[in-house]
Amino acid sequence: MRLFQKILSLMALLAVLAGSGCRSKSEVYVIEDQGKTTWRATLDKKMDTPSEQWAHACKTRDKGFRKKADRQMLYLFRRWPNSKEAPRAARARADMLFERKKWKDAFNAYQYLISNYSGQMSNYDSALERQFQVAVKVMNRRRLRWILGGYRAPEYAIEYFEEVIRNGPQWERAPEAQFMIGKCSQDAKDYELAISAYGVLGYRYPESDYAEEAAWQQIDCLVKLRKQFPANSDVLDRTLVATTVYLSSFPSSKRRSDIIQMRNELYEVKAGRVFNEAAFYAKVPKEPEAAIIYYEKMIEEYPKSQLVPDAEERIAELRAFLALPIKARTPNAPRSKPLPFTKDPLNAES
């Protein structure tokens, strides 16, 4: 019984080997490159091969029927995604959408091309350039023009510029794209986001032509934040740090004198805050020692301040005051006689 089963298994194996040997190599290793079709091209004429479909779509485009050619190109790289015509069709469709001013669709078409056929593209930088142009269009676009001329919403372009940078972090216009991200946030009056974007530019592209301008716009955003929050000491300190970084990074800048003048003003503001705190303690009874400590602190931390002579004069006055006897320092002020408690308002003075 076991011998019979072995004979049957051997015969089956021989039959399989004989059948496979009768097939040609072309029949064994055929892999059909078939993707999914598109409903947009349902009524369009379809060719049997990608080369024929490419020629047909190009002929339609050359006749001026770009919308119809768009559908035919889309059908080509969806139906034959691995063909040599697929990258050309994806690029041709993206270019046609750009020429038709379909900005969002064009940007997405270029993104599809970059994501799927980056290694087969003939000119990668030109696709990035088109994406950059679309991002600028979105940034400058005016919405609802029929209502008082419309309005701009530059913050909508931030995600476009970020995608451009991800596609080409070392592209020659990548620093400009990063600068535009900060500009969009700044125009939208989101100064904190703008400061962060400009800071990223200085960190990633310190040698670019936009590094100095980004550092200056960072300071400008901090100045505007100071106007919104004049009592915020953190913004004041950040502004001083930003000006210090600017002067150290760009010592020969044409804005050097303006930055130095701004730093001097900020220097006086910080010195004035310590001076005012000392003046407050000087007015509080039994706190002249604390006032002296703050005046001395101001002189030590801000020795070049214009308030130093006034602080030294106040210190001399306070020390002379402390040298007086205690009774002379705090004379007894006349006290008013307390009113007696009564329910009758007419007898309150009796």
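Biologist: Thanks! First up, is Glu192 buried, exposed or partly exposed?

Modeller: Glu192 is partly exposed, at a relative accessible area of 38%. On this scale buried means under 20%, exposed over 50%, and partly exposed in between, using a 1.4 Å probe and protein chains only. Before we go on, a word on the source: this is a predicted model, where local features need pLDDT of at least 70, side-chain atom pairs count only at pLDDT 80 or more, and totals for chains, interfaces and linings use all residues. Residues are numbered from 1 along each chain as its sequence is written, and side-chain values use heavy atoms, with hydrogens and water left out.

Biologist: Good to know. Which residue forms a salt bridge with Glu192?

Modeller: That is Arg238, with the closest N and O atoms 3.0 Å apart. A salt bridge here is a side-chain nitrogen of Lys or Arg within 4 Å of a carboxyl oxygen of Asp or Glu. Glu192 sits in helix H10 and Arg238 in helix H12, so the pair ties together parts that are 46 residues apart in sequence. Helices are DSSP runs (H or I, at least four residues), and strands are runs of E of at least two, numbered from the N terminus.

Biologist: And Arg238, buried or partly exposed?

Modeller: Arg238 is partly exposed, with a relative accessible area of 26%.

Biologist: How many salt bridges turn up in the whole structure?

Modeller: The search finds 17. One of them joins Arg93 to Asp70, with the closest N and O atoms 2.5 Å apart. This pair links distant parts of the chain, since Arg93 is in helix H5 (residues 85-99) and Asp70 in helix H4 (residues 66-79), 23 residues apart.

Biologist: Why do you count Asp70 as buried?

Modeller: Because its relative accessibility is 2%. Arg93 counts as buried too, at 15%. Asp70 and Arg93 also belong to a salt-bridge network together with Arg100.

Biologist: Where are the partners Arg319 and Glu296?

Modeller: Arg319 is in helix H15 (residues 308-322) and Glu296 in helix H14 (residues 288-301), 23 residues apart. Their side chains meet in a salt bridge of 2.5 Å, N to O. Arg319 counts as partly exposed at 46% relative accessibility, and Glu296 is partly exposed at 33%.

Biologist: Switching topic: how many residues does the largest nonpolar core have?

Modeller: It has 47, and those with the most contacts inside it are Trp54, Met73, Phe77 and Phe161. A nonpolar core is a set of buried Ala, Val, Leu, Ile, Met, Phe, Trp, Tyr and Cys residues joined through side-chain atoms within 4.5 Å. Helices that each supply at least two residues of this core include H3 (50-62), H4 and H5. The largest share, 8 residues, comes from H5.

Biologist: What does Trp54 touch, leaving aside its close sequence neighbours?

Modeller: Setting aside neighbours within four places in sequence, Trp54 is in contact with Met73, Leu76, Glu85, Arg88, Ala89 and Ala92. Contact means heavy atoms within 4.5 Å. There is also a second, separate core of 24 residues, which includes Phe179, Tyr191, Leu236 and Leu266.

Biologist: Phe179, you say. Which residues does Gln217 touch?

Modeller: Phe179, Gln186 and Tyr198, not counting residues up to four places away in sequence. Gln217 is in helix H11 (residues 211-228) and is buried, with a relative accessible area of 12%.

Biologist: Now a pocket. Which helix gives the most to the lining of the second largest pocket?

Modeller: H11, with 5 residues. By class, the lining has 10 nonpolar, 4 polar and no charged residues. Here Ala, Val, Leu, Ile, Met, Phe, Trp, Tyr, Cys and Pro count as nonpolar, Asp, Glu, Lys and Arg as charged, and the others, Gly among them, as polar.
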